[in-house]
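Hi there,

Here is the model I promised to pass on to you. Please have a look at it first, and then read my notes below.

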Amino acid sequence: MSPMSPSDWSAVFLTAQLAATSTLVLLLIGTPLAWWLARTRSPLKPLAAAVVTLPLVLPPTVLGFYLLLLMGPHGPVGAATQALGLGRLPFTFGGLVVASVLASLPFVVQPLLQAFEAIPEQTLEAAATLRAGPLDRFFSVVLPLARPGFLTATVLGFAHTVGEFGVVLMIGGNIEGSTRVLSVALYDHVEAADFAAAHRLAAGMVVFAVVVVAVMYAVNRRPRDTDTEAKA
Amino acid sequence: MSQARTERKPLHAQLRAERGAFLLDVSLELPGTGVSALFGPSGCGKTTVLRALAGLYRATGRVALGGVVWQDDARGQWTPTHQRALGYVIQEAALFPHLNVLANLQYGLRRAAAAAQQGALQNGLDEVIELLGIAPLLARRPATLSGGERQRVAIARALSTRPQLLLMDEPLAALDAGRKAELLPYLTRLQRSQDIPIVYVSHSLDEVVQLADHLVLMDAGKVLASGPLAQTLARVDLPLALGDQAGVVLQAVVAESDATWHLLRLDVAGAVLPLWVRDAGQTMGQAVRLRVLARDVSLATAPQPGSSIGNQWPGTLEAVADDGHASSVLVRVRVGADGPVGKTLGVAVLARLTRRSFQHLRLGIGQAVWAQVKTVALLD
Amino acid sequence: MNARLAPTLTARMSPFSLWRSVLAAALLGACNMAVQAGEVSVAVAANFAAPMARIAASFRLSTGHVARLSTGSTGKFYSQIVAGAPFEILLAADDETPRRLLREGHAVAGTASTYAIGQLVLWSAQAGVVDDQGNVLGQGRFKHLAIANPRTSPYGAAALQVLQKRGLLPTLQKRLVTGESVGQAYQFVATGNAELGFVALSQVLKPGQAAAGSMWRVPQALFDEIRQDAVLLKAGASNPAARALLNYLKTPAARAVIDAYGYGDPLAR
């Protein structure tokens, strides 16, 4: 098999960068969001939960198309970014990060939400009676107990961003080095009937996906086993 | 005791809350020492009161421990739970599953250390570990402990921060009879050795009479009675609240043993009474609590030498009131006093009679009667 | 069926039976049409979508045949056809793809013909941005220039040729954004995300309306002629409706539409 072109390697690194950045942003945004959803009794909760879940049911191209309009010069987001001196988001790496974060949001918020909901209120109340304030309780009780959820959220967010195609296609502009990610490069090769190159990329992505899921299951299992050992 | 004696800090609480059809309206003055029990049927609001004292539930009103005000809505003051110097134990223990026992104990200790000296607190931890007998459990994880062990750890953990007040919400309710019996001695030791006031919520009168010094009776969001245990139990106007369990609690000391009949004589505090109970191996001079249920006490207008009942006490009929059922009445008799000008005031016992007998014997307030006590239950 | 209806028509003429006979006549007419009319599945290059929609409508009126249109990039259609997609006719954006399909045995020999000459324009959704000499490219006062993917669209390849001929490719390379097809390139420009872009004239022109924005009709000298060929695919070899459509493209009616959308006439060359 002939080696991958520099253009394809650039797509690999770009994709890794995009996935890492997006996952980080997702965890930073998703954690307080999931926490609020887990604990709030506000009447806004069902609406907020629906909005977060929206990317799961919307076709990615629809999401991408509306982002193209919103982030463009005539859209509210575009006007805002321009007013802030940030230029416009389509065709930029930053724009892809925003799009990936929106598209992968439910994949990160859901596992976190479930993990947070599984923590009994009584455990947190106990922590409060032991002089732990709200932030302290979050870091010393919630995070350790929600660790499997964080792992799942991280892996799913990362993997989903790597596989994201529809949204990226709509607003990426296929620019090598900044928006030509693996999924688009693959599509390109198929379009141009360069099936050999397409096979190389696709096979690599399949292997990656299998490895990622296997690692997730393996790591998620271990902590529970050591927990039940009685230390002498 | 290693802890320096702190000044008494009585607990004042005025709390109001509305939850659907349930209305809570209580005003409490609890002593700053010993165990105050909140007793009542399920749904009477006792847990709500406890949670409100802890700040876990926001009722309207005022809560103050000694001079420290934790809540005062009139002045817009609210101290959140994590800034209140209290300890809290619930029936589910709620230990941190991701930490072992020692780490659980150190959790609160570390945080309270910011407000006090680290060294003094560490000593406190050793004492509490010994008190609850959990030294062999320190390296274990909560998931590997039995229910009783978990509760002991939870109590030790609540004490680790040297709280000024310990709140316990039915700590024995989730345990079976065996575990309960195993844990009760630890609680009595706790009650005797720690100088902090304890508010103990329970729907089990058995637990209450064994542990409480002060009794608060609640029903439907209101306080029916609040006072020292013996005094409150001796009231005749609360039969519906106490029902079949109506009866008094007496403090006594083991005075003498009779080897022939395998009996012990007990000296009842504050009374001159001959009280003989079965010898169960108690030591001389040991302090005991005993319970005399109203249904185990009958009355006679004269001593009955021909009766099998050995404990017959002369006394004066003090009060009478309706009992739960139309056929019976509850009577309070003062026994063991040494005369109207004597220094010994005697103690009260309750007797349950049929109204018919009451009429038949022509009983009335102030009359001299003999209380025939068939059964006495030792609580320790 | 006629013979059976006749006695009913003449016998009783109550309102109910009148309704019945009207209904029967309509059904009869429809059956007639169905016997003759066929269906043909057509893959249409993105740039030709609008004119083809009109042509298909008049094709149906005049022949009764229904043309089912799929639009997309020529490159994608090639892959799909090779993989067995049931298209019967391909209206490509180039002449290379139909030739390739013929060579590789996916199309019927002798059926390829040029149906339009592509007109490349540099267009901006805003008036006054693109001058009619295309000097705006040299001035470089824009952030993004949209083109179709040159690998799969002749319009994209032509755009690159124009930039090369003008010596502007090195400077403008970084500002290029590539649409998956000339359709997506148009989208980028229409939404304003790209200030200007190379698209097909037919996407900008709406017959009867003045063109919006500003544009430069790129002279033919600057890029290789875009000959757009139609070809009959193997799947449609025995479908009379398919051949009828290919013929219809050469009729004056169809030519008028193609002309109105700014395409060059292949026969005039």
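How far apart are the nearest C-alpha atoms of chain B and chain C? They are 51 Å apart, and these two chains do not touch. Contact here means that the C-beta atoms of two residues, placed from the backbone, lie within 7 Å.

Before the details, a word on conventions. This is a predicted model, in which local features need pLDDT of at least 70 and side-chain atom pairs count only at pLDDT 80 or more, while totals for chains, interfaces and linings use all residues. Residues are numbered from 1 along each chain as its sequence is written, and chains are lettered from A and ligands numbered from 1 in the order in which they are written. Helices (H or I, at least four residues) and strands (E, at least two) are DSSP runs, numbered from the N terminus.

Chains A and B

Two pairs of chains touch, and the pair with the most contacts is A and B. Chain B puts 23 residues into this contact and chain A puts in 17. On the chain B side, β7 (86–90) and α2 (101–112) are the elements that give two or more residues. That side of chain B holds twelve nonpolar, seven polar and four charged residues. For these classes, Ala, Val, Leu, Ile, Met, Phe, Trp, Tyr, Cys and Pro count as nonpolar, Asp, Glu, Lys and Arg as charged, and the others, Gly among them, as polar.

α2(B) itself has twelve residues and spans 18 Å from its first C-alpha to its last, close to the 16 Å expected at 1.5 Å a residue (1.5 Å times one less than the number of residues). Its buried residues are B:Val101, B:Asn104, B:Leu105, B:Tyr107, B:Gly108 and B:Leu109. Buried means 20 or more other C-beta atoms within 10 Å of the residue's own, with C-beta atoms placed from the backbone.

Chains A and C

Here 16 residues of chain C meet 17 residues of chain A. On the chain C side, α4 (74–82) and β7 (176–179) give two or more residues, and α4(C) has the largest share, with four residues. By class, this side of chain C has three nonpolar, ten polar and three charged residues.

Helix packing inside chains B and C

In chain B, α4 (147–159) and α5 (177–193) pack at about 20°, with their axes 9 Å apart (axes are lines fitted to C-alpha atoms, for helices over the stretch in contact, and angles run from 0 to 180 degrees between N-to-C directions). That makes α4(B) roughly parallel to α5(B), a label for angles under 35 degrees. B:Gly147, B:Gly148, B:Gln151, B:Arg152 and B:Ile155 of α4(B) meet B:Arg179, B:Glu182, B:Leu183, B:Tyr186 and B:Leu190 of α5(B). This contact has four nonpolar, three polar and three charged residues.

In chain C, the axes of α3 (49–63) and α12 (252–260) come within 9 Å and cross at roughly 160°. That makes α3(C) roughly antiparallel to α12(C), the label for angles over 145 degrees. C:Pro51, C:Arg54, C:Ile55 and C:Ser58 of α3(C) meet C:Ala253, C:Ala254, C:Val257 and C:Ile258 of α12(C). Six of the residues in this contact are nonpolar, one is polar and one is charged.

Chain C overall

Chain C has twelve helices and ten strands, and 45% of its 269 residues are buried.

Best wishes

Conventions. A residue is buried if 20 or more other C-beta atoms lie within 10 Å of its own, exposed if 12 or fewer, and partly exposed in between; C-beta atoms are placed from the backbone. Angles under 35 degrees count as roughly parallel, over 145 as roughly antiparallel, 65 to 115 as roughly perpendicular and the rest as oblique.
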